[in-house]
Amino acid sequence: MKKIFLHEPHFLGKEISYIKSCIKSGWVSTSGNFVQEFEKKISNFTKSKFSIALNSGTSALDLCLKSIFVRPGDEILIPTITFIAPVNSILYNGCKPIFMDCDNLGNIDLDKVLDFLENETIKKKNYTINIKTKKKIRAIIIVHIFGNTVKLNKIKKICKIQNIKIIEDASESFGSYIKITKKNFKHTGTLGDMGCFSFNANKIITTGAGGAVITNSKKIYKTINYLSTQAKDDPINFIHNEVGYNMKLNNLSASIGLAQIQTFNKIIKRKRSIHEYYKKKL
């Protein structure tokens, strides 16, 4: 019997051709043209200034928190319904997740978040402090669960005033757009301070395993790019003044990602067709 997979990747373009080209070039590690081209395509697709291709969506979340220099004991707001990666990234940094209820779409309930910020926190020395725990609230991770978008207009101004960074976990929503006005739509991940994608095999497009961070902040971009490449201050003499990480996407995986993003419209058309079939038959 033929198996029907829950998440089946679609290879409809130049994946094999690009992989062969990558192997022939000899550049199969984290350096190479395919990484740079893939990053450019992500930026163009999402209309963000900067993108950093990484080895996973989990690494993307981890580096986003590191880029705002969170400290052990800091608190991060997060929805109760989410994949484990955002929670793990908080724990990697010694921080504490503060769980917020979700709405009927499975996304974080922003009305309850606003109520929490208004009634259970105070502002002190430019930081938002949890009255109960006396800890700083440094960020909120907004998860666009299953591609359902969260409209951030309710919370953006408040978070800016409260000095709370917005990290969008857009791992499951590559190609999803948020309606700003009647004719203005913005890609998920571009409304907060930074956005994260996953390109795991079960995502809209895949690199096998991989992820990315997008941002419009040059400072955040430089910090994440620096940390993800072992924090090299002098790559010739191997001088490192910070603890770095080996988290960049490799050129071989990026070659697949480039082919995938080039055929995005075909992939999404196929997924929509499957979705309509399910709606009709179920």
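**Group meeting talk: a walk through the predicted model**

Let me begin with G189, which sits in the loop between β9 (185-187) and β10, where helices (H or I, at least four residues) and strands (E, at least two) are DSSP runs numbered from the N terminus. At 3% relative accessibility G189 counts as buried, a word that stands for under 20% relative accessible area, while exposed stands for over 50% and partly exposed for what lies in between, with a 1.4 Å probe and protein chains only. The C-alpha atoms of G189 and S67 are separated by 16 Å, and these two residues are 122 residues apart along the chain.

Residues are numbered from 1 along each chain as its sequence is written, and side-chain values use heavy atoms, with hydrogens and water left out.

Now to the interior. In soluble globular proteins, nonpolar side chains tend to be buried together.

Next come the salt bridges, each a side-chain nitrogen of Lys or Arg within 4 Å of a carboxyl oxygen of Asp or Glu, and a search of the whole structure finds seven of them. In one of them R138 pairs with D74, with the closest N and O atoms 3.4 Å apart. This pair links distant parts of the chain, since R138 is in strand β6 (residues 136-143) and D74 is in the loop between α3 and β2, 64 residues apart. Are R138 and D74 buried or exposed? Both R138 and D74 are buried.

Another salt bridge joins K112 and D101, whose closest N and O atoms are 3.3 Å apart. K112 lies in helix α5 (residues 110-119) and D101 in the loop between β3 (96-100) and α5, so the pair ties together parts that are eleven residues apart in sequence. K112 is partly exposed, at 42% relative accessibility, and D101 is partly exposed as well, with a relative accessible area of 40%.

D111 and K154 also meet through their side chains in a salt bridge, at 3.2 Å from N to O. Because D111 lies in helix α5 and K154 in the loop between β6 and α6 (156-162), this pair ties together parts that are 43 residues apart in sequence. D111 counts as partly exposed at 46% relative accessibility, and K154 is partly exposed with a relative accessible area of 46%.

Finally, some backbone detail. Most residues other than glycine have a negative phi, and most peptide bonds are trans. Q230, however, has a phi near 70 degrees, a positive value in a residue other than glycine, and F238 has a positive phi too, near 55 degrees. Q230 lies in the loop between α7 and α8 (251-262), and F238 is found in the loop between α7 and α8. Q230 is partly exposed, with a relative accessible area of 34%, whereas F238 counts as exposed at 54% relative accessibility.

Terms used:
Predicted model: local features only at pLDDT ≥ 70, side-chain atom pairs only at ≥ 80, totals over all residues.
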